[in-house]
Amino acid sequence: MLNAIESLGANIIASLERTGRTCNLLLIVLWELLQPPYRLYPIIKQMYFIGARSLMLIVVSGVTIGMVLGLQFYNILERFGSVDLLGSGVALSVIRELGPVMTALMVVGRAGSSITAELGIMRITEQVDALECMAVSPHKFLIGPKLIAGLLSVPLLTAVFDFVALFGGYFVGVVMFGIGEGSYMNGMIDAVEWSDVRLGLVKSLIFGLLVTLICCSRGFYMHLTKAGSQGAEGVSSATTDAVVLSSITVLFSDFLIGALI
Amino acid sequence: MSDAGTSNTPGSNAISIRDLVVDYGPRRILSDVDLDIPMGQIMVIMGQSGAGKTTLLRCMLGLKKPTSGSINILGTDIATAKQRDINKVRKQIGVAFQGGALFSSMSVAENIQLALREHTNLDEKTIEIMTRIKLDMVNMLAAENLMPAELSGGMTKRAALARAIIMDPKLLFFDEPSAGLDPSTAADLDQLIITLKNTMRMTIIVVTHELDSIFKIADHIAVVSAGRILATGTPQEITASTDPEIQGMLKRKPRETIIDTDAHLARLVGGQA
């Protein structure tokens, strides 16, 4: 019993330490990014990696989820004779909730895991130490561009996801089940307000920052955790942890933002 | 490159370490280490695995904060200095890590050019010329556009060395230069270190336990054992030492053999260290 309590306490302390380190990392990176020289190319390179290379995944998952939503909403609305509301139902679900959340989860799986693995390997192969010894800030050089790229890419990817998901819903409703095009489009336009778009944008910005920050932190500080002494297995473990924690954080913060805004 | 405020003349010390203590949690790794490294010489830090050589090196590089003591490098105590001052010192040193630590997403040339791009305003042409000069010094000109994954062990060490000397540092740190290399490549690297000292007048600190290399390159040797400096001196002085541990290292004897096998067996069965 005592061991279980000790273990629980140790886990809580370790979690608090990790959270503190992650917050500290954000502050250091923000401070370092304010210091010259300012370089655009590393940010563009990371935007290509996080954003452009995730595009196909986002398009495929967006269309699929839009189609599934269209199908489910149609089946439910048909029972109440309200299939005209299909456009508004799909649009509100995608723009307010599913777009930002699903995009963030896709980015975690595709780019976030790579970020953690890359930084973890750089840490255990002394590449981070080498940067420090060259008087080059690893915070600014390695993490800064990833953080900015994550912050910019996730909202852009969310916009793409929203667009193709709405198209997926349109395909199911209008093309497959023969709902009037005008009815679908008008329902969508009437239902969605600026506040819905703003909520989606705020969520995607916050998710972009959180996901990139957590994945960077897990890789960068790998040497301070148990995984740091486990070589390749440690990198794998840190990557899994980063993906799980980022996903849970996205889902929980989605609820929090939804409740607060 | 800025001078951190120390004399660069032969005879003065590039590094002075006093009362250095390093703990990792409850374990004491280095105890009361005192060490002077003269300017313009090759100092080899030797010792068995686990003796504390790498920890000493990491302290000198500012990668590990000591528990107590001072590490004066080129006039700055990096044990207590602010990050900005540590970085000033770091711009005057070069480090070649044991595994090379080349950035895997960059070509050899890009690895070497990184410090120049970060710390100077040199134009592209000058950066390319300087890169080729350093690559030529380490006989790696043909590997300029290769990626680190395409290099052999010896080539990786040479590329890391070229990266370490790109800013013409006053101090060069080399961690285990011969580790994992065949004798011929290791001998080439030893010769390269001597050439660098003679041509670029660098102070070179080499951490190794390869005896062949040590006596070929060293002007001074510091012997580290169980977290302490056991002895310092010229290769002749170290060879002449009567210390049984030093003689054991020099004659490649295994560590102290177990005399009381019964007692040792009882300790193992009893689960004691």
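The model is predicted, and every value below is computed from it. Chain A contains nine helices and zero strands, and 10 of its residues are in contact with 14 residues of chain B. The largest nonpolar core has 141 residues, and the largest share of this core, 18 residues, comes from helix α4 (residues 86-124) of chain A.

**Chain A as a whole**

- Read along the sequence, chain A follows the pattern α-α-α-α-α-α-α-α-α, and its C-alpha trace spans about 65 × 55 × 30 Å along its principal axes.
- Chain A has 261 residues, of which 44% are buried.
- Among the contacts in chain A with a separation of 6 or more, 88% are between residues 24 or more positions apart.

- Within the largest nonpolar core, which counts 141 residues, B:Val44 and B:Phe173 touch the most other members, while helix α4 of chain A supplies the largest share, 18 residues.
- Leaving aside its neighbours within four places in sequence, B:Val44 is in contact with B:Val206, B:Thr208, B:Ile214, B:Ile217, B:Ala218 and B:Ile221.

**A buried threonine in chain A**

- A:Thr103 lies in helix α4 of chain A, and it counts as buried because it has 33 C-beta neighbours inside 10 Å, where 20 or more are needed for that class.
- Apart from neighbours within four places in sequence, A:Thr103 is in contact with A:Ile58, A:Val154, A:Leu157, A:Thr158, A:Phe161 and A:Ser204.
- A:Gly178 is 75 residues from A:Thr103 along the chain, and the C-alpha atoms of these two residues are separated by 29 Å.

**Helices that cross**

- Two packed helices are described by the angle between their axes and the distance between the axes.
- In chain A, the axes of α1(A) and helix α8 (residues 194-220) come within 10 Å and cross at roughly 105 degrees, which means that α1(A) is roughly perpendicular to α8(A), since angles of 65 to 115 degrees fall in that class.
- On the α1(A) side the meeting residues are A:Arg21, A:Thr22, A:Leu25 and A:Leu26, and on the α8(A) side they are A:Leu213, A:Ile214, A:Cys216, A:Ser217 and A:Phe220; the residues of this contact divide into six nonpolar, two polar and one charged.
- In chain B, the axes of helix α3 (residues 108-119) and helix α4 (residues 124-137) come within 10 Å and cross at roughly 125 degrees, and therefore α3(B) is oblique to α4(B).
- The crossing in which α3(B) passes α4(B) is right-handed, and the contact is made by B:Ala109, B:Ile112, B:Gln113, B:Leu116 and B:Arg117 of α3(B) together with B:Ile127, B:Met130, B:Thr131, B:Lys134 and B:Leu135 of α4(B).
- By class, the residues of the contact of α3(B) with α4(B) are six nonpolar, two polar and two charged.
- The buried residues in α3(B) are B:Val108, B:Ala109, B:Asn111, B:Ile112, B:Gln113 and B:Ala115, and what covers them includes α4 and α5 (153-164) of chain B.

- Most residues other than glycine have a negative phi, and most peptide bonds are trans.
- The peptide bond from A:Pro36 to A:Pro37 is cis, with omega near 0 degrees, and A:Pro37 lies in the loop between α1 (2-34) and α2 (41-50) of chain A.
- B:Ala101 is a residue other than glycine with a positive phi, near 55 degrees, and B:Ala101 lies in the loop between β6 (93-96) and α3 of chain B.
- B:Ala101 is buried, because 24 other C-beta atoms lie within 10 Å.
- B:Asn139, which is not a glycine, also has a positive phi, of about 55 degrees, and B:Asn139 is found in the loop between α4 and α5 of chain B.
- B:Asn139 is partly exposed, because 14 other C-beta atoms lie within 10 Å.

Note on methods. Residues numbered from 1 in each chain as written. Chains lettered and ligands numbered in written order. Predicted model: local features only at pLDDT ≥ 70, side-chain atom pairs only at ≥ 80, totals over all residues. Axes fitted to C-alpha atoms, helices over the stretch in contact; angles between N-to-C directions. Helix = DSSP H or I, 4+ residues; strand = E, 2+ residues; numbered from the N terminus. Parallel < 35°, antiparallel > 145°, perpendicular 65-115°, else oblique. Left-handed = near helix turned anticlockwise from the far one by under 90°. Contact = placed C-beta atoms within 7 Å. Nonpolar A, V, L, I, M, F, W, Y, C, P; charged D, E, K, R; others polar. Buried ≥ 20, exposed ≤ 12 C-beta atoms within 10 Å, placed from the backbone. Core = buried A, V, L, I, M, F, W, Y, C linked by C-beta atoms within 7 Å.
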